[in-house]
Structure formats: C-alpha cells, structure tokens
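Please keep the viewer open as you read.

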Amino acid sequence: MEERSYQRKPVVKIREMKDDYMKFELRNTDASVANALRRVMIAEVPTVAIDLVEIEVNSSVLNDEFIAHRLGLIPLTSERAMSMRFSRDCDACDGDGQCEYCSVEFHLRAKCVVDQTLDVTSKDLLSSDHTVVPVDFNEIAGDETSEQKGVMIVKLRRGQELRLRAIARKGIGKDHAKWSPAATVTFMYEPEININEDMMARLSLEDKQSIVESSPTKVFDIDPTTQQVVVVDAEAYTYDDEVIKKLESMGKTGLIDIKAKEDSFIFTVETTGAVKASQLVLNAIEILKQKLDAVRLSDDTVEADDQFGELGAHMRGG
Amino acid sequence: MNAPDRYERFVVPEGTKKVSYERDTKIINAASFIIEREEHTIGNIVRMQLHLDENVLFAGYKLPHPLQYKIIIRIHTTSQSSPMQAYNLAINDLDKELDHLRSAFEDEIANYSSTREY
C-alpha cells in the first residue's frame, strides 16, 4: 500500500516578541489548528499557582477565604511547570508542599507596628523554591527605577497581622482560571482587500472621501499624489462590512472586494508573566501533541477491528 | 452542592478507556470513536484533518452534552480505506504537522532574536 499523507507544513513569521507579548503570522494551516492552539494556550498549558492556604493569624480587614482567593490569583513563575507532576498523579507524596516534584511552599508574615498603613504584596511571599516565585512585573516592563511593589494582597493598619502558609501546585486553566498562563490569546484571519482601480478612477473625490470615511477603522486613505483610494492598513479591518454596505448604497457593488484568507492567521498572545509568550506557544504545541497521542487507538482496539474481515485486513496490508 | 468536581472534566476515571471504537452495524466502513474527557480542541482538528482524506466520505464530531465529558467522532470511508485507518492517518498527519510547526516556530524565534537586539 502506498504511503498516504495529508500533512501540511505550516509557516510562522514573528512580527513582534517581548517577554509577555507576541504577535505572529501562522500560514498554511486551517482554522481548526489555529483554534486548537488558542484553546490549549488558554486552558491547558500548566502553570503553578497557590492552591492551599493555612492561615495562622489574620487580624486584617479581609476574611481568610478572601485572602486565600487573592493569593491563588497571583501569577508565579512557571517555567518548571511542564516538567512538574500534578499532585493527584504524584505517588511520592500527598502534595503537602514538601515534595519537590509537585508542590512549592510559601510563607507570609507581616505585622504593622507603625501608624502608617502597611501594604502586604506578592513580594512578601517567601518561596521555598527559587524557581517558583511571584512574577516581578518591573523586570518584564524593563524599568528598574519605578518603585512598584508587586501584587497587592491586603493593607494592614497598626496592630493588624497576617501570618500564613501556602502551597502552590501545578494545574491547568480548565480546572481554575488562576492556572491559565494566558492573559489574552486571539487570532484573526488575514484580510485580503482588492480595489477595482478602473471603477475607482471614475469616482469623484467626494465619493472617494465618503468611502474612506465609511470604515470605522482606518483601513483606507486617499493617496495625496494620485488621488486614488488606497489600502493603508488591511489588518485594521474588523470584518464589519461597513464599506461594503456603503458601496451598495452608492450602487457601486464590487468596487472593493474583501476576503478572509482561510489559511492565514494573525495571532496575538499575551501572558500573565508565568511563562514567556514564546514559551507559551511552544508549550501549547507540546500539550496538543500529547493530547493527540493520548487519543491514539490502543492495540486491543485494533484487534477488535477484525470484524471488518478480509477486506479490512487486506487494506491494512495484512 | 451537587456540582461535579472540576477535575471530572479532564481526568479519565480509573477503569475507563480513553478511546473506544464502535462499528456501525448497518453501513460498511462506518464507525464511531468515543473519546473520553476530550472536547472541541481535539474533536475539531481531527474532523478537519479527516476532511482532507479523499477516502473519507463523512467525518463529524459531537459533544453530546456539556456535562458528559466525552466526544464522539463518526467516520464513514470508501472501501479503499477503513474508519480506523483514516483515524490513525489523521492523527499521524496532525502529529507531523505539529512537529513541523514546533521546529518552524523555534527557528523563527532564533531568527527573530538574532536580527534584533533582544
């Protein structure tokens, strides 16, 4: 039997890449793959987040569960998460913070002893593992000068105290959004805009101006030298159809044709800082591969296919 | 109160098979694959990949109910192939596509980083 394959070879082009943000083009694949990547980035790439909190003393104005919830939402650096274990799969321990494979322990001790309000932030969380610490947003923004103190947890007045132990575990966004490494992941079809030059040349300048202005986003403009309508930013088009409707009302249907390229996508990825944006995409590809691997047929299922008889066996090369 | 545990959505219970196969008794070369604890992410990419296969006459998936954490992929092929063959081919092709995508992405990151001071 000849080797059949319908494999595509996607092409990637990075437009912009920062630690927590990236924009790239993905071509030569279809929307199902683009959407699978988006869904996996949001809900299935693992990170580490605080999952269990033991409060020793809390005399702050916020109640215990309120603080526990806030702690859970603090992004922790999770480069290690891909190689960690889920605590439910960890045989070596019971996920109590002592196990290096599946959990990380944090301590927080803060007491206000002065008249000024004390801000308790993510910087006050002391980690037992230097690879898993609260995300430093100054580092990401690249400015060391500003005195930004981290994620606010609670404010204490004189005499109030907060003392707790927290355990961070590996998890995925499907379980709880606190584990999602993605702030936003979006993709759009690349628009392809064609202007019928002959028809356009016959229009008056006012008509051209009204066409340019009919688009809510700045997609078109008038070339100052040639006085022609030109596309200045195709990607600003939001698929709103306003220009098309305008042309219809002018009786100039077909003057501008806008198509979505079905195999070409522009991705925008923003992370919470738990992992780098580029790493998030790579992790998503890896997770998607693992998911596909998990849905392969097992050998005993293949045996059950014998019911297909001689023809089936013949086709399988048997 | 009686809400199912959140992990129920993605942890396959012990003693349950991830993928089970059910042949159609009335139509030759038609079958359903029941995949536990998966949803649109897998369902849609497998379906679209199956559509590229010219021996596949029908391929579709459904999520029968939002609280039944499984999908059903139904495949009908010509006599040149079988649902199982088409299913395996689709998964292999997707796997290869993702391998390609990963290396393309890694190359592009290296390329981007070297052209810019990053």
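Predicted model: local features only at pLDDT ≥ 70, side-chain atom pairs only at ≥ 80, totals over all residues.

Residues are numbered from 1 along each chain as its sequence is written, chains are lettered from A and ligands numbered from 1 in the order in which they are written, and side-chain values use heavy atoms, with hydrogens and water left out.

Let's begin with chain A. Its secondary structure comes to nine helices and 12 strands; here helices (H or I, at least four residues) and strands (E, at least two) are DSSP runs, numbered from the N terminus. The C-alpha trace of chain A spans about 80 × 75 × 30 Å along its principal axes. Its radius of gyration is 28 Å, whereas a compact globule of 318 residues would have one near 20 Å. That radius is taken over C-alpha atoms, and the globule rule is 2.2 Å times the number of residues to the power 0.38.

Of the 318 residues in chain A, 45% are buried. Buried means under 20% relative accessible area, exposed over 50%, and partly exposed in between, with a 1.4 Å probe and protein chains only. Among the contacts in chain A with a separation of 6 or more, 73% join residues 24 or more positions apart, where contact means heavy atoms within 4.5 Å. Chain A exposes about 16,100 Å², and carbon and sulfur atoms supply 47% of that area. Such areas come from the Shrake-Rupley method with a 1.4 Å probe, and for residues only the protein chains shown count as cover. As for charge, chain A has 40 positive and 58 negative charges, with mean positions 3 Å apart. Lys and Arg count as positive and Asp and Glu as negative, leaving out His and the chain ends; each charge is placed at NZ of Lys, CZ of Arg, CG of Asp or CD of Glu.

Now turn to chain B, which has two helices and four strands. From the N terminus on, they run β-β-α-β-β-α. The radius of gyration of chain B is 19 Å, well over the 13 Å that the globule rule gives for 118 residues, so chain B is more spread out than a compact globule. Its C-alpha trace spans about 60 × 50 × 20 Å along the principal axes. Buried residues account for 48% of chain B, and 55% of its contacts with a separation of 6 or more involve residues 24 or more positions apart. Chain B exposes about 6,200 Å², with 49% supplied by carbon and sulfur atoms. The mean positions of its 14 positive and 18 negative charges lie 9 Å apart.

Back in chain A, let's look at one sheet in detail. Four strands form an open sheet in the order β3-β8-β4-β6, with antiparallel pairing. Strands β3 and β6 (126-127) stand at the edges, each with a single partner strand, so one side of each is left without a neighbour in the sheet. Two strands pair if DSSP finds at least two bridges between them.

How is strand β8 (residues 161-171) placed relative to the rest of the structure? Of its 11 residues, 10 are buried, so β8 is largely enclosed by the rest of the structure. Strand β3 (residues 47-58) pairs with β8 over 10 bridges, and A:Ile55 has A:Leu164 as its bridge partner. Strand β4 (residues 103-111) pairs with β8 over nine bridges, including the one that links A:Glu105 with A:Ile167. Between β4 and β6 there are two bridges; A:His107 stands opposite A:Leu126, and A:Phe106 has A:Ser127 as its bridge partner.

Our last stop is A:Arg88, in the loop between α2 (64-72) and β4 of chain A. A:Arg88 is partly exposed, with a relative accessible area of 41%. Leaving aside its neighbours within four places in sequence, A:Arg88 is in contact with B:Phe10 and B:Val11. The C-alpha atoms of A:Arg88 and A:Thr117, 29 residues apart along the chain, are separated by 41 Å.
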